[in-house]
Amino acid sequence: MSQPIHIIGGGLAGSEAAWQAACAGVPVIVHEMRPVRMTEAHKTAGLAELVCSNSFRSDDAHTNAVGLLHEEMRRAGSLILSVGDANKLPAGGALAVDRDGFSATITRHLEAHPLITVLRAEVTGLPPLDWTNVIVATGPLTSPALATAIQQLTGETELAFFDAIAPIVHLHSIDQTVTWRQSRYDKAGPGGTGADYINCPMTRAQYETFVDTLLAAEKTSFKDWEASTPYFDGCLPIEVMAQRGRETLRYGPMKPVGLSNPHRPGERPYAVVQLRQDNILGTLWNMVGFQTKLKHGEQTRVFRAIPGLERAEFARLGGLHRNTFLNSPKLLDAQLRLRAEPRLRFAGQITGCEGYVESAAIGLLAGCAAAARPRGEQWLPPPPTTAFGALLAHITGGHISAAAEEARHSFQPMNVNFGLFPPLEAPSHDASGRRVKGKERGLARKRALCARALADLDRWLAAPATCAAAQ
Ligand SMILES: Cc1cc2nc3c(=O)[nH]c(=O)nc-3n(C[C@H](O)[C@H](O)[C@H](O)COP(=O)(O)OP(=O)(O)OC[C@H]3O[C@@H](n4cnc5c(N)ncnc54)[C@H](O)[C@@H]3O)c2cc1C
């Protein structure tokens with residue numbers, strides 16, 4: 001019998017990781033602190049408790065990135081997906097589950113597995129040295145004692161306790177006849193070209209209207225236990241900056257200096273919204289300094305009033321939440337191991353993915369990778385063209401960190417979305433030779449991305465050292 005894999009945290013990621021490793025024949029010990037110690041959001045002692053919504057979002061595997069991830073997880077033998085399917089509730093095109101039945105079934109499966117032991121205790125510091133194969137899956141509400149120990153290991157600035165997320169826009173939806181590419185004062189900076197930002201210009205009248213709309217828009221409030229976690233001044237929500245004075249934004253993230261609009265030579269923009277490249281592929285661009293607590297519907301309305309973003313498609317909307325997550329692109333290798341201490345692997349939301357399904361997906365990969373070592377195998381990561389691979393690439397290096405001084409804030413958690421996938425040209429004609437136009441073209445592109453992903457996934461799963469539960 002090989003040394004056990006120690007998994008800290010029996011949430012979405014930890015439960016899936018435990019199942020995968022046990023299916024590969026490796027013994028597992030899950031350390032879950034509930035009910036001995038609760039988090040601020042969990043209410044039960046159940047493993048894989050859903051802390052808020054009961055939805056796994058869209059189940060459409062042909063035109064939706066999270067639906068595609070569902071299908072990939074099913075093919076990979078995911079416990080979370082199979083139990084989700086078995087506890088499904090009517091929810092249109094979404095996969096919604098009976099939360100109690102779901103968590104109870106996961107708990108039963110794990111506790112009944114002969115290779116899995118579930119211990120109910122908090123891990124309060126770095127795992128002892130004789131735990132040689134560890135997965136840390138303690139989630140967005142990692143207990144303070146363990147978070148402090150991780151922070152001491154990684155460095156103070158590499159573990160965040162809050163995410164401050166600015167909206168991210170798909171490049172293809174930005175109007176290039178209004179915007180232009182230029183860095184402030186054409187500065188190239190490290191690794192830049194001098195044309196590294198997309199700029200959206202505003203006249204004085206447009207700026208005044210924008211500030212009025214922003215101030216009047218509906219915001220979400222902090223939960224009591226979130227409000228007591230301070231957020232740094234550099235990450236103030238955009239609407240809080242606007243409340244401090246009508247000109248604050250023009251002297252902050254929307255300052256117009258060092259930029260000249262080639263579409264209107266000789267006319268100085270009154271304010272400028274800048275977008276910065278957010279992934280290596282160049283398909284996603286984040287709105288610089290636009291972290292916000294506006295309600296999601298309001299964000300779409302308010303930000304589409306910005307010139308050039310009238311038809312913006314958002315890969316993710318902004319937010320500010322209590323969330324514990326690592327600066328993973330810097331700290332983790334392609335197998336989710338801490339570069340500085342490879343016996344420690346991370347999984348779930350603490351790695352910087354976002355959402356139940358994404359956390360479970362990263363748990364699945366971590367469980368398979370951790371099980372490969374005692375089996376004497378070299379684990380093969382999934383291709384970047386799959387939803388698994390695209391998400392893994394975001395966490396372990398697909399994200400671009402901007403200028404060095406901004407590195408602290410540049411990596412932010414993300415749901416799976418098509419902007420993370422290597423691009424694919426939409427087919428210009430359908431099977432009958434008819435030209436594909438407009439919205440149909442976008443759908444055709446998504447269908448092609450999904451088809452490519454599933455074909456590549458099947459090839460990956462057929463290889464020997466990937467995922468035992470699928471075989
Ligand atoms: C308030 C809130 C609401 C959310 N709502 C949604 C939503 O509606 N939809 C969605 O898709 N995502 C949501 N998320 C985001 C996220 O997807 C979920 O939190 C998801 O559960 C993350 O999975 P995980 O396995 O990484 O962490 P978790 O599921 O939180 O699991 C981590 C586990 O680790 C345990 N633990 C923590 N510290 C220790 C320790 N030191 N020792 C032992 N055990 C420990 C915890 O008790 C917990 O069981 C929400 C997050 C929060 C905080």
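A residue is taken as buried when its relative accessible area is under 20%, as exposed when over 50%, and as partly exposed in between (1.4 Å probe, protein chains only). The model is predicted, so that local features need pLDDT of at least 70 and side-chain atom pairs count only at pLDDT 80 or more, while totals for chains, interfaces and linings use all residues. Residues are numbered from 1 along each chain as its sequence is written, and side-chain values use heavy atoms, with hydrogens and water left out.

Histidine 6 belongs to strand β1 (residues 5–8); helices (H or I, at least four residues) and strands (E, at least two) are DSSP runs, numbered from the N terminus. With a relative accessible area of 8%, histidine 6 is buried. Beyond residues up to four places away in sequence, histidine 6 touches Ile29, His31, Trp131, Asn133, Val134 and Ile135, contact being defined as heavy atoms within 4.5 Å.

Oxygen atoms of the ligand lie 2.8 Å from a backbone N or O atom of alanine 13 and 2.9 Å from a side-chain N or O atom of arginine 34. For tyrosine 356, a backbone N or O atom is 2.8 Å from a ligand oxygen. The protein covers 92% of the 970 Å² of accessible area that the ligand has on its own (Shrake-Rupley method, 1.4 Å probe).

The largest nonpolar core comprises 92 residues, with Phe102 and Phe421 making the most contacts inside it. Such a core is a set of buried Ala, Val, Leu, Ile, Met, Phe, Trp, Tyr and Cys residues joined through side-chain atoms within 4.5 Å. Its largest share, 13 residues, comes from α11.

In helix α5 (residues 144–154), the buried residues include Leu146, Ala147, Ile150 and Thr154. Just after α5, glycine 155 adopts a positive phi of about 105°.

Note on methods
A polar contact is a pair of N or O atoms within 3.5 Å; within protein, one must be able to donate a hydrogen and the other to accept it, and residues adjacent in sequence count only if both atoms are side-chain atoms.
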